[in-house]
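Please look through the model displayed here before reading on.

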Amino acid sequence: MLQYRGYPFTGAVLRPDGLVRWRCTRRGSYGCNVWIEVNDQLQVLSHHNHHTHAPQRYVMIENGLYIRM
Ligand SMILES: [Zn+2]
């Protein structure tokens with residue numbers, strides 16, 4: 001899972017150009033069609049569409065693990 005600006009992303013897909021595309025986790029329940037593209041330095045290079053819902057608060061409790069507050 002990846003968190004960006006308060007929104008959790010999942011479903012990483014490695015593209016042929018080396019970027020990884022992540023989709024918002026609320027795609028199913030909210031019909032949210034946001035996706036971002038991240039390079040191997042975890043820098044978000046592009047952000048597409050707008051969220052249809054408010055951000056959620058997650059706190060990192062361990063490397064790569066988050067809990068919802
Ligand atoms: Zn979203």
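A residue is taken as buried if 20 or more other C-beta atoms lie within 10 Å of its own, as exposed if 12 or fewer do, and as partly exposed in between. In this predicted model, buried residues by that count make up 10% of the 69 residues in the protein chain. The chain has one helix and seven strands. Read from the N terminus, its elements follow the order β-β-β-α-β-β-β-β. Of the contacts between residues at least 6 apart in sequence, 20% join residues at least 24 apart.

Five of the strands make an open sheet in the order β1-β2-β3-β4-β5, and the pairing is antiparallel. Its edge strands are β1 (2-4) and β5 (44-48), each of which pairs on one side only. On average, neighbouring strands of the sheet are turned by 35 degrees against each other, direction ignored.

Three bridges hold β1 and β2 together in the antiparallel sense, and glutamine 3 stands opposite proline 8 in β2. The hairpin of these two strands has two residues between them, and arginine 5 takes a positive phi near 55 degrees there.

Next comes the pair of β2 (residues 7-14) and β3, which is antiparallel over four bridges. Within β3, arginine 21 lies opposite valine 13, and arginine 23 lies opposite threonine 10. The β2 and β3 hairpin has five residues between the strands, with glycine 18 at a positive phi near 95 degrees.

Glutamate 37 has serine 46 of β5 as its bridge partner. Is β5 buried or in the open? The number of buried residues among its five is zero, so β5 lies largely in the open.

Which residues form the largest nonpolar core? This core has six residues: Tyr7, Phe9, Trp22, Cys24, Val34 and Ile36. The elements giving two or more residues to it are β2 and β3. In soluble globular proteins, nonpolar side chains tend to be buried together.

Valine 20 shows how β3 is placed among other parts of the chain. This valine belongs to strand β3 (residues 20-24). With 16 other C-beta atoms within 10 Å, valine 20 is partly exposed, because its count falls between the limits of 12 and 20. Apart from neighbours within four places in sequence, valine 20 is in contact with Ala12, Val13, Leu14 and Val38. Valine 20 and aspartate 40 are 20 residues apart in sequence, yet 7.9 Å apart in space from C-alpha to C-alpha.

Most residues other than glycine have a negative phi. Leucine 42 has a positive phi of about 60 degrees although it is not a glycine. The residue is found in the loop between β4 and β5, two strands that form a hairpin with five residues between them. Leucine 42 is exposed, because 9 other C-beta atoms lie within 10 Å and the limit for exposed residues is 12 or fewer.

Asparagine 49, likewise not a glycine, has a positive phi near 70 degrees. Its place is the loop between β5 and β6 (58-62). Asparagine 49 is exposed, with 11 other C-beta atoms within 10 Å.

Methods
Residues numbered from 1 in each chain as written. Predicted model: local features only at pLDDT ≥ 70, side-chain atom pairs only at ≥ 80, totals over all residues. Contact = placed C-beta atoms within 7 Å. Pairing = 2+ DSSP bridges. Axes fitted to C-alpha atoms, helices over the stretch in contact; angles between N-to-C directions. Core = buried A, V, L, I, M, F, W, Y, C linked by C-beta atoms within 7 Å.
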